[in-house]
Amino acid sequence: MKRALAYLPVLVVVIIGAFAYWGLQGGRNPAEIPSALISKPVPEFALEGIEGVASPGLATADLKTGELTLVNVFASWCVPCRAEHAVLTRMTATQDLRLVGINYKDRADDARAWLEELGNPYLAIGHDFSGRAGIEWGVSGVPETFIVDASGTIVHRFTGPIVGDGQRRFQEALDKVMAGS
């Protein structure tokens, strides 16, 4: 019995190693978190705008306009959000995309200052200070960007900043959605 117990730590290390190896194999990308909302209507929500920002608030009805819409979840305290902001601004200017935002768990003053500094590419911004709308959307962190089709159905979720290789992957997903419309 003592001899069997001596091998227990080795067995535990082998099991943990096997799970780690499995997790790193098979093309699994930890940035591609599955979403239960894909192919489902956008959740019901209604968010006030950010006081002092020209963009109105955001609600479910704003995403059922008959137009493809990008919903970007961002915060002023999020460094990757700052990095992707210029990319989103360029994309909306050059591709005629409809971009709206959900300002997630952020103080209104900080969000307003951030938008004043970097510019405001959003047609509407919902202020989700409590994080409740983020829960409804299944947000795991910021930034996240959702592609919502013309009928208000979520067709793609992108986690992480849309920069570098992320920009290429997001553009590929967007092109695929637009080709299917």
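## Q171 and its helix

Start with Q171: setting aside residues within four places in sequence, Q171 is in contact with M91 and Q95. The model here is a predicted one. Q171 sits in helix α6, and its relative accessibility is 18%, which is under the 20% limit, so Q171 counts as buried.

## Where α3 meets α6

Those contacts belong to a helix pair. On the α3 side, the residues involved are V87, M91 and Q95; on the α6 side they are Q167, F170, Q171 and L174. The two helices pack at an angle of about 35 degrees, and their axes are 13 Å apart. As for handedness, α3 passes α6 in a right-handed crossing.

What classes of residue make up the contact of α3 with α6? There are 4 nonpolar and 3 polar residues, with no charged ones.

## The nonpolar core

In soluble globular proteins, nonpolar side chains tend to be buried together. Here the largest nonpolar core has 43 residues. Which of its members touch the most others? That would be L63, V71, W137, F170 and L174. Two of these names, F170 and L174, also turn up on the α6 side of the helix contact.

Not counting residues up to four places away in sequence, F170 touches L70, M91, T145, I147, F158 and I162. M91 is on that list, and M91 is also a contact of Q171.

## Aromatic pairs

The count of aromatic pairs comes to 5. One of them is F74 with Y122, a stacked pair with 4.9 Å centre to centre and 10 degrees between the planes. F74 lies in strand β4, while Y122 is in the loop between α4 and β6 (125–128), so this pair ties together parts that are 48 residues apart in sequence. F74 is buried, with a relative accessible area of 0%, and Y122 is buried too, at 5%.

W137 and F146 make another pair, this one tilted: 4.9 Å centre to centre, with 55 degrees between the planes. Both W137 and F146 are buried. Ring pairs also bring in F45, linking F45, W137 and F146 into a cluster.

## Around G101

G101 lies in strand β5. Is G101 buried or exposed? Its relative accessibility is 0%, so G101 counts as buried. Leaving out neighbours within four places in sequence, G101 is in contact with L58, N72, F74, Y122, A124, I125 and G126. That list takes in F74 and Y122, the two partners of the stacked pair.

For a distance to check, take G101 and A75: they are 26 residues apart in sequence and 9.7 Å apart in space, C-alpha to C-alpha.

## The whole chain

Zooming out, the protein chain has 6 helices and 8 strands. Read along the sequence, they follow the pattern α-α-β-β-β-β-α-β-α-β-α-β-β-α.

How much of the protein chain is buried? Of its 181 residues, buried ones make up 41%. As for sequence range, take the contacts between residues at least 6 apart in sequence: 73% of them join residues at least 24 apart.

Notes
Residues are numbered from 1 along each chain as its sequence is written. This is a predicted model: local features need pLDDT of at least 70, side-chain atom pairs count only at pLDDT 80 or more; totals for chains, interfaces and linings use all residues. Side-chain values use heavy atoms; hydrogens and water are left out. A nonpolar core is a set of buried Ala, Val, Leu, Ile, Met, Phe, Trp, Tyr and Cys residues joined through side-chain atoms within 4.5 Å. Buried means under 20% relative accessible area, exposed over 50%, partly exposed in between (1.4 Å probe, protein chains only). Contact means heavy atoms within 4.5 Å. Axes are lines fitted to C-alpha atoms, for helices over the stretch in contact, and angles run from 0 to 180 degrees between N-to-C directions. Helices (H or I, at least four residues) and strands (E, at least two) are DSSP runs, numbered from the N terminus. A crossing is left-handed if the near helix is turned anticlockwise from the far one by less than a right angle, and right-handed if clockwise. Ala, Val, Leu, Ile, Met, Phe, Trp, Tyr, Cys and Pro count as nonpolar, Asp, Glu, Lys and Arg as charged, and the others, Gly among them, as polar. Rings of Phe, Tyr and Trp (its six-membered ring) pair if their centres lie within 6.5 Å; planes under 30 degrees apart count as stacked, over 60 as edge-to-face and the rest as tilted.
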